[in-house]
Amino acid sequence: MEHPNHILIVDDVQENIHLLGIMLQKRGFVVTSCMSGADALEKVGIQLPDLILLDISMPEMDGFEVTRRLKSSAITRDIPIIFLTAFTDKKRIVEGFELGGVDYITKPYNAPELFARLRTHLELKHTKDLLLQRNQELQEANEKLHQLNTDKDELLGIVAHDLKSPLSAIRGIADALVNDTTLPEQDIKEFNQTILDTSDRMFSLIAELLNANAIERGGVVFTKRPVSVGETMRQIVQQYGKQAETKSINFNLDIESGAIAYTDDFALYQICDNFVSNALKYSPAEKAIAVRVTTKLYSANGQAAHQVVRVEVQDEGPGLSEEDQMKLFGKFMRLSARPTGGEHSTGLGLSIVKKLAEAMGARIGCHSTLGNGATFFLEIPCATAEQVAEMSVEA
């Protein structure tokens, strides 16, 4: 069912307003009215009408001045204005058109003529609004296509650089293994390990590309349940034990007991795994990484405060410049900071965890000062007592 058109009548004669109002309401229009130009501007500021029937001759502020003010604002300039006038002076009528009026109706009113003109200009406005809407949609689609094209170029660049080089290395090693029968056993073992490590790196890149694509297409389904965040962090830290030992890096854990989040455990693991992995990549040898899990109250945008589980991973690496922090969570972004042990970085990881966090209703961010390390944090809603109890019953 179509929304009824809203007509604003502006006339300093009450009888004129009453007569027009009855005629319009009988035809199904929603009608509001006022008796001065100042009141008209105030009413339009509160609610935009679909069309204004505006008397020209009014004290203090005439219809032409009202029109000037309405047409000077981007918000109100597209409202059709039909002048109500007793004048037949062509110069006055032309002046009204030059100010932006779309038509005029002379008093006394002829009902069939009035409604024919109203219908014509309302249909024209409706058509114009549709065209503007379609144009906006086309513009947004064009911008999205432009972004997709940019992402495609970035992707091709990554594939060309990050896959071509390791593939060439694997091919060279394979050629040596096939054709050089004099290779010592130790060299063969090292070559095989290099092929394995390089393949793992390539699979990691492909997995990140697929993850990013799946998230953007809405192809990731989240299943929320109560999750022990502390236990998740302990598992991740244990997983990186050997890598940390290689760089003589210590993990310092400060985990609040009973920190239970209501979230998707797989997405939580991916995000926190990325935090710890990056902390190891960018930390120099013989440093420490602090892993903290706490609960706190959080509120924003006037919302009621609610409990969240906050995860922090703090490193003692080079930190991030202001420029790096501005592009930190962007796709395919390569930062000026570099891994300290020759580790590989695709520039995709943080953009993926940002999208994961947003999709599961969590907050993510980073605090850093250049030269003083970085602290990445994640805040997830706490599980309620009812959710924890329900999970216990199901188990």
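Me: How are H7 and H9 set to each other, parallel, antiparallel, perpendicular or oblique?
Reply: In this predicted model, where local features need pLDDT of at least 70, side-chain atom pairs count only at pLDDT 80 or more, and totals for chains, interfaces and linings use all residues, H7 and H9 are oblique to each other, because their axes cross at roughly 45 degrees and angles under 35 degrees count as roughly parallel, over 145 as roughly antiparallel, 65 to 115 as roughly perpendicular and the rest as oblique. Residues are numbered from 1 along each chain as its sequence is written, and side-chain values use heavy atoms, with hydrogens and water left out.

Me: What counts as an axis or a helix here?
Reply: Axes are lines fitted to C-alpha atoms, for helices over the stretch in contact, with angles that run from 0 to 180 degrees between N-to-C directions. Helices (H or I, at least four residues) and strands (E, at least two) are DSSP runs numbered from the N terminus, and the protein has 12 helices and 12 strands.

Me: Which residues of H7 and H9 meet?
Reply: On the H7 side they are Val229, Thr232, Met233, Gln235, Ile236 and Gln239, and they meet Leu268, Tyr269, Cys272, Asp273 and Val276 in H9, where contact means heavy atoms within 4.5 Å. By class, this contact has seven nonpolar, three polar and one charged residues, with Ala, Val, Leu, Ile, Met, Phe, Trp, Tyr, Cys and Pro counted as nonpolar, Asp, Glu, Lys and Arg as charged, and the others, Gly among them, as polar.

Me: Is Thr232 buried or exposed?
Reply: Threonine 232, which lies in helix H7, is buried, because its relative accessible area is 8% and buried means under 20%, exposed over 50% and partly exposed in between (1.4 Å probe, protein chains only). Leaving aside neighbours within four places in sequence, threonine 232 is in contact with Val227, Leu268 and Tyr269.

Me: Okay, and which residues touch the most other members of the largest nonpolar core?
Reply: Of the 42 residues in that core, they are Val229, Met233, Phe251, Ile271 and Leu378; a nonpolar core is a set of buried Ala, Val, Leu, Ile, Met, Phe, Trp, Tyr and Cys residues joined through side-chain atoms within 4.5 Å. Elements that give two or more residues to this core include helix H7 (229-239), strand E7 (250-255) and helix H9 (265-282), and H9 gives the most, with eight residues.

Me: What does Phe251 touch?
Reply: Not counting residues up to four places away in sequence, phenylalanine 251 touches Val237, Tyr240, Ala244, Val276, Leu280, Ile289 and Val291. There is also a second, separate core of 18 residues, which includes Ile17, Leu51, Leu53 and Leu84.

Me: Changing topic, which residues does the cis peptide bond join?
Reply: The cis bond joins lysine 107 and proline 108, with omega about -5 degrees, and proline 108 is found in the loop between strand E5 (103-106) and helix H5 (111-179). As background, most peptide bonds are trans, and most residues other than glycine have a negative phi.

Me: Where is Glu286, and what is its phi?
Reply: Glutamate 286 sits in the loop between H9 and E9 and has a positive phi of about 65 degrees although it is not a glycine. At 65% relative accessibility, glutamate 286 counts as exposed.
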